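Subject: Structure for you to look through

Hello,

Here is the structure we talked about. Please open it beside this email and follow along.

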Amino acid sequence: MKKIRWIYILPAVAGAALMSVASCKDADGTNDASGTFEATEVMVSSEASGRIVSLEVNEGGVISAGAVCGMVDTVQLSLQKRQLEAGVKAALSRIRDAETQTAYIREQIGINRREAERVRRLIEADAANTKQLDDINASISLLETQLSATEADIAQNNTIAEAEAASYRAQIAQVEESLRRCRIVSPIDGTVLLKYAEAGELTAAGKPLFKVADLTDMNLRAYITASQLTRIKLGQKVRVFADSGEKGVREYEGTVSWISDQAEFTPKTIQTRDERANLVYAIKVSFVNDGYVKIGMYGDVRF
């Protein structure tokens, strides 16, 4: 015959046990969906190849968007830039001033024109012959041709020099862009989750250096049934609940920021056969984190 063992629970102890269970579940059991918390994660990779001179990030540290947190070696690029800048100066030094270069010819043309005017007056007074005037006009014509040729030569020379300088400037711009890529910059405000490299190591373009995530503006990725789909819309205000251990749950105000337009099977994290057979829709609820919610934690949402 089996013995029956009776266990007596004092009222105070029973009440405490019930309170513990209630703190882990919603009081009225009306949560509409469950899911996991996630954040926008960005993998920051190197944009240049070379030795990492500095990488001032630590796992768990907070960094700002646009702040330079590291640098790849720039010695060769800096020397290349200095060489190109010297090329620009050399090219510009070959530019000639047309006014200065043609001043003598212009002066000679002026002298001959004044002489032609004087001879013309003498011819009118029958004090000179026309051959003198013809010789002076021929000299003026020759000087004007020489002036035109000189101006054309100077213009061509200056055009070539300016084009060469422009080519050097374009190369300098390319080097400056390469120098900019040597700076390691976080694209977002966030917290460093993982660090993959250290100062002194060699890196290559596209190699991951660290992972950063925005842990302030987070999302709850949850799944709802087709019948619940008609109860929500984008921009709708909802309530988000996160487990708070022995203290129960923490409540946050959330906004429905994304609703999937395709149904899918219930995620494999739900192991019951009946629930896996149901089709559900994924949604994202955005909310402002106070620091207590972590990536991967489970949460609930109530419409």
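Below are notes on confidence, aromatic rings, nonpolar cores and salt bridges.

This is a predicted model, in which local features need a pLDDT of at least 70 and side-chain atom pairs count only at pLDDT 80 or more, while totals for chains, interfaces and linings use all residues. Residues are numbered from 1 along each chain as its sequence is written, and side-chain values use heavy atoms, with hydrogens and water left out.

Confidence

The pLDDT is the predictor's confidence in each residue, from 0 to 100. Its mean over the chain is 85, and 86% of the residues reach 70 or more. In residues 1-28 the pLDDT is below 50. That stretch has 7 contacts in the model beyond near neighbours in sequence, a contact being heavy atoms within 4.5 Å.

Aromatic rings

A pair of aromatic rings is described by the distance of the centres and the angle of the planes. Rings of Phe, Tyr and Trp (its six-membered ring) pair if their centres lie within 6.5 Å; planes under 30 degrees apart count as stacked, over 60 as edge-to-face and the rest as tilted. A search of the whole structure finds 2 such pairs. The ring centres of F37 and F287 are 5.4 Å apart and the planes are at 65 degrees, so this pair is edge-to-face. F37 belongs to strand β1 (residues 33-45) and F287 to strand β12 (residues 279-288), so the pair ties together parts that are 250 residues apart in sequence. Helices (H or I, at least four residues) and strands (E, at least two) are DSSP runs, numbered from the N terminus.

Y252 and F287 make a tilted pair, with 5.3 Å from centre to centre and 40 degrees between the planes. Y252 is in strand β10 (residues 249-259) and F287 in strand β12, so parts 35 residues apart in sequence are tied together.

Buried means under 20% relative accessible area, exposed over 50%, and partly exposed in between (1.4 Å probe, protein chains only).

Nonpolar cores

A nonpolar core is a set of buried Ala, Val, Leu, Ile, Met, Phe, Trp, Tyr and Cys residues joined through side-chain atoms within 4.5 Å. The largest one has 23 residues, and L55, V57, I63, I184, L209 and F210 have the most contacts inside it. At least two residues of this core come from each of β2 (50-55), β4 (68-72), α2 (75-93), α5 (130-181) and β8 (208-225). Leaving aside neighbours within four places in sequence, F210 is in contact with residues including V42, L55, I63, I184 and Y196. Another core, of 20 residues, lies apart from the largest one; among its members are A33, A222, V238 and A242.

Salt bridges

Side chains of opposite charge can pair when their charged atoms come close. A salt bridge is a side-chain nitrogen of Lys or Arg within 4 Å of a carboxyl oxygen of Asp or Glu. The structure holds 17 of them.

- D153 and R96 meet at 3.1 Å, N to O. D153 lies in helix α5 and R96 in the loop between α2 and α3 (98-101), so parts 57 residues apart in sequence are tied together. D153 is partly exposed at 40% relative accessibility, and R96 is partly exposed at 29%.
- E117 and R120 meet at 2.6 Å, N to O. Both lie in helix α4 (residues 103-124), 3 residues apart, about one turn of the helix.
- K131 and D135 have their closest N and O atoms 3.0 Å apart. Both lie in helix α5, 4 residues apart, about one turn of the helix. K131 is exposed at 55% relative accessibility, whereas D135 is partly exposed at 43%.

Salt bridges that share partners also join E47, E177, R180 and R181 into one network.

Regards
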